[in-house]
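Please find below a colleague's note on the model shown here. The points are numbered, and each can be checked against the coordinates.

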Amino acid sequence: MLKHLLPLFALSLVFISCEQQTETPAQTDMTEPDEDVPVFDRLVAVIHPTDGNEASGVVTFSREGDDIRVIATISDLEPESRHGFHIHEYGDCSADDGTSAGGHFSPYGMRHGAPTDDERHMGDMGNLAVDEEGVATIDYVDTTLELEGAFSIAGRGVVVHAGEDDLESQPTGDAGARIGCGVIGISQPVGQQ
């Protein structure tokens, strides 16, 4: 009799063990910061030219209260021109033409628009205006970009386009080819560079 009960006892231990392992963990308070989620104060993208182009520069994204300050200097552009300027889905600039960066970063599925529009891709940063020396600078505060969390721009791509973004055409603003591409990465803290 004991010989027949021993396998049943062992089997019941396995079931009890499995049941304890499959229980869902206690729900945590979502207002507390998750220690595993990195918090960034500053991100940077170094723009390199795509094949046959010369656009290059640096874009920084810095926390300013609840918003993000975007500062960029892009050189070797056609003097007195305008160029679409966007964050794209992937931090992959490996394709000669920059297409490996994917489309505009739009985690909320909104339509393309201007950076000041209520409805826009998160990655819509408008246009770069180039001076007579072939250099474009931009410095503005963006209320939509996110430096961390599920929709962080960290690890995404920044693309400079050949033409002007009309801020209306779907889904990209008809800004043309990609003449510069850079990956958004973690920057050294200011003062440690």
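**Notes on salt bridges, sheet and core**

1. Glu164 and Arg82 form a salt bridge, with their closest N and O atoms 3.0 Å apart; a salt bridge here is a side-chain nitrogen of Lys or Arg within 4 Å of a carboxyl oxygen of Asp or Glu. Glu164 sits in the loop between β7 and β8 and Arg82 in strand β4, so the pair ties together parts that are 82 residues apart in sequence. Glu164 is partly exposed at 43% relative accessible area, and Arg82 is partly exposed at 38%. The classes are buried, under 20% relative accessible area, exposed, over 50%, and partly exposed in between (1.4 Å probe, protein chains only).

2. On provenance: this is a predicted model, in which local features need pLDDT of at least 70 and side-chain atom pairs count only at pLDDT 80 or more, while totals for chains, interfaces and linings use all residues. Residues are numbered from 1 along each chain as its sequence is written, and side-chain values use heavy atoms, with hydrogens and water left out.

3. The structure holds 6 salt bridges. One of them joins the side chains of Glu148 and Arg63 at 2.6 Å, N to O. Glu148 belongs to the loop between β6 and β7 and Arg63 to strand β2, so this pair links parts that are 85 residues apart in sequence. Glu148 is partly exposed at 24% relative accessible area, as is Arg63 at 31%. Another salt bridge connects Arg69 with Glu64, the closest N and O atoms being 2.7 Å apart. Both are partly exposed, Arg69 at 24% and Glu64 at 36%.

4. The strands form an open sheet of 8 in the order β5-β4-β7-β8-β1-β2-β3-β6, with antiparallel pairing. The edge strands β5 and β6 each pair on one side only. From one strand to the next the twist averages 20 degrees, the axes being lines fitted to C-alpha atoms and angles running from 0 to 180 degrees between N-to-C directions. Strands (E, at least two residues) are DSSP runs, numbered from the N terminus, and two strands pair if DSSP finds at least two bridges between them.

5. Two hairpins involve β2. β1 and β2 run antiparallel and are joined by 6 bridges; Leu43 has Phe61 in β2 as its bridge partner. This hairpin has 6 residues between the strands, and Gly52 takes a positive phi near 85 degrees. β2 and β3 pair in the antiparallel sense over 9 bridges. Their hairpin has 2 residues between the strands, with Gly65 in the turn at a positive phi of about 65 degrees.

6. Which residue of β3 is the bridge partner of Thr60? The partner is Ile71. Thr60 is found in strand β2 and is buried, with a relative accessible area of 10%. Leaving aside neighbours within four places in sequence, Thr60 is in contact (heavy atoms within 4.5 Å) with residues including Leu43, Arg69 and Ile71.

7. The largest nonpolar core has 29 residues, of which Val59, Phe61, Phe85, Ile153 and Val158 touch the most other members. Such a core is a set of buried Ala, Val, Leu, Ile, Met, Phe, Trp, Tyr and Cys residues joined through side-chain atoms within 4.5 Å. The largest share, 4 residues, comes from β3. Not counting residues up to four places away in sequence, Val59 touches Phe85 and Val158, among others. Phe85 has Val160 in β7 as its bridge partner.
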